[in-house]
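Good morning, colleagues. Please look at the chain on the screen while I take you through its fold, its cores and its surface.

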Amino acid sequence: MKRKVLTAAVFFWMCLIFWFSAQPADESSNMSLSVGKIVGEIFVPDYDKWTEKEQEAFAERIDYPVRKAAHATEYACFAVLLMGMYQSYGLAGRRQIIASFLSAAAYAATDEFHQLFVPGRGCRVTDVLIDSLGAAAGILLFLAVSFLLARPAHCRKEAENVVSGTEKTT
């Protein structure tokens, strides 16, 4: 059951990425500008007192980093899902990491190619690199969380060994 859910989640995320990439340039730009305005509302003091023109200029100024952060974030999430899916199929360690990274990087490349056919969009190698870096960050996040979740069980086992007298001495 877990395997099916994770596989479905991976394919859902792939469809979501495809949908974002299928947005014509003007729609995509409007979406990222609206995120820029939300960033302003949350993080900039007195943003609500600025004129609409000032708010628009701020959103345009941060548009590039917002777009690139979105690329990295969507691929970090994708890599986390891939790590879980491959783990459910029995992959672990280096194989799981390599399969997840290569799957995400390959999908990033095909996604950029897909954008060649979307009005106003283009294919950028830098976006594939940003997506791949996001995937690497997602893999590191998955590994860190897995380590933290596994650690308490390991610590409990050591404590049980101390109590039962089977503790290793050096």
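Helices here are DSSP runs of H or I with at least four residues, strands are runs of E with at least two, and both are numbered from the N terminus. On that basis, the chain has 6 helices and 0 strands, in the order α-α-α-α-α-α along the sequence. What you see is a predicted model, in which local features need pLDDT of at least 70 and side-chain atom pairs count only at pLDDT 80 or more, while totals for chains, interfaces and linings use all residues. Residues are numbered from 1 along each chain as its sequence is written, and side-chain values use heavy atoms, with hydrogens and water left out.

Let me begin with the chain as a whole. Of its 170 residues, 34% are buried; buried means under 20% relative accessible area, exposed over 50%, and partly exposed in between, with a 1.4 Å probe and protein chains only. A contact requires heavy atoms within 4.5 Å. Among contacts between residues at least 6 apart in sequence, 68% join residues at least 24 apart.

Now to the interior. A nonpolar core is a set of buried Ala, Val, Leu, Ile, Met, Phe, Trp, Tyr and Cys residues joined through side-chain atoms within 4.5 Å. The largest one has 19 residues, and those touching the most other members are Val10, Tyr75, Phe78, Leu82, Met85, Ala104 and Tyr107. At least two residues of this core come from each of H1, H4 (63–88), H5 (93–115) and H6 (125–164). H4 gives the largest share, 7 residues. Leaving aside residues up to four places away in sequence, Ala104 touches Tyr75, Phe78, Leu82 and Ala135. Another core, of 5 residues, lies apart from it and includes Val44, Tyr47, Ile62 and Val66.

Phe20 sits in helix H1, residues 2–21. Why is phenylalanine 20 classed as partly exposed? It is because its relative accessible area is 32%.

Finally, the cysteines. The structure holds 0 disulfides, a disulfide being a pair of cysteine sulfur atoms within 2.5 Å. Cys15 is exposed, at a relative accessible area of 53%, whereas Cys123 is partly exposed, at 41%.
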